[in-house]
Amino acid sequence: QLHRNLISDRFLDDWLHHSLRLHDLGRAYMLRYECRTLRDSTDIEQAISKLMQAIRATPETSSLRWQYLVTLGDAYRVRYEYMEQQGDMDRALECYSEALHNFPPPNTCRVRALTCLGRLLFKYAHTTGDLQLYDESIVHFKEAAEARYGFAHDRLNAAIHWATLFHGELDCELGFRQQRLEQALEGYQYAIELLGPAASIGLSAKSRLAHLYSIPKSLARDAASCAISLAEMSPRREEEYRGRAVELLDQGRAILWSQASQLRADIGTLRERY
């Protein structure tokens with residue numbers, strides 16, 4: 001029995017570390033492809049190859065398999081965005097959908113999968129002009145932002161993508177433009193509300209600083225800009241939207257300054273002791 005346990009533990013250690021290395025290598029190739037000015041298609045091909053190997057090396061009973069599948073979906077999405085091969089869009093959609101199926105609530109990994117699927121559906125809607133897909137993407141962003149079982153930073157990331165994507169998507173008729181701005185404003189509201197929890201709950205000063213740097217510096221300003229644009233489009237609700245602009249700007253800046261002041265307090269304690 002002891003011999004069997006040792007063999008089992010060795011097997012677990014082998015596939016776990018092997019699959020993690022393949023996943024991290026594949027993700028590194030993907031990020032290099034995405035971040036380079038002069039992109040080498042070999043990078044994204046290697047990324048997809050390594051991620052598929054990681055998935056094949058992982059037992060179906062492990063949740064890591066579905067996390068790897070989300071990253072593979074990201075790789076297909078990235079290749080679609082730069083090479084525009086329709087098959088990549090379909091493959092990414094399959095990856096995200098299968099991962100979501102295997103991440104029922106309250107699995108924390110579900111939030112990232114929902115966000116990725118929301119981004120993909122938005123891109124698909126923008127490419128095809130299918131307005132129904134915009135609504136479907138919002139359903140996924142909203143579920144991710146509201147998922148109390150998820151990590152606050154993941155929920156904030158979903159809300160930021162929701163807001164910024166719909167705020168930037170304005171090349172449409174006036175009626176749809178107003179609708180897009182209203183949808184973006186809802187996303188901004190979620191993002192501002194999640195700023196505090198995402199930057200403070202149970203985090204060290206170093207982690208809070210990293211999270212603050214990851215938040216767009218213009219988030220509160222963009223939220224106010226969105227509300228002001230709606231005020232200009234809706235004379236009957238102008239006062240309401242201008243009031244929301246002030247509230248969002250004040251709330252967002254107050255949270256960020258509060259976190260920054262706490263970091264300065266930590267440095268002050270260090271100065272007193274050393």
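Begin by selecting Gly129, which takes a positive phi of about 80° just after helix α5; bear in mind throughout that this is a predicted model.

Now turn to the charged side chains, for the structure holds twelve salt bridges. Select Asp43 and Arg32, whose side chains meet in one of them at 2.8 Å, N to O; this pair links distant parts of the chain, with Asp43 in helix α2 (residues 41-56) and Arg32 in helix α1 (residues 2-35), eleven residues apart. Asp43 is buried, at a relative accessible area of 3%, whereas Arg32 is partly exposed, at 39%.

Move on to helix α3 (residues 64-83), where Glu81 and Arg77 lie four residues apart, about one turn of the helix, and where their side chains form a salt bridge of 3.1 Å, N to O. Here Arg77 counts as buried, at 6% relative accessibility, while Glu81 counts as partly exposed, at 29%.

Finish in helix α4 (residues 86-101) with Asp88 and Arg91, which are separated by about one helical turn because they are three residues apart. The closest N and O atoms of their salt bridge are 3.0 Å apart. Asp88 counts as buried, at 0% relative accessibility, and Arg91 as partly exposed, at 37%.

Note on methods: Residues numbered from 1 in each chain as written. Predicted model: local features only at pLDDT ≥ 70, side-chain atom pairs only at ≥ 80, totals over all residues. Heavy atoms only, no water. Helix = DSSP H or I, 4+ residues; strand = E, 2+ residues; numbered from the N terminus. Salt bridge = Lys/Arg side-chain N within 4 Å of Asp/Glu carboxyl O. Buried < 20%, exposed > 50% of the residue type's maximum accessible area, 1.4 Å probe, protein only.
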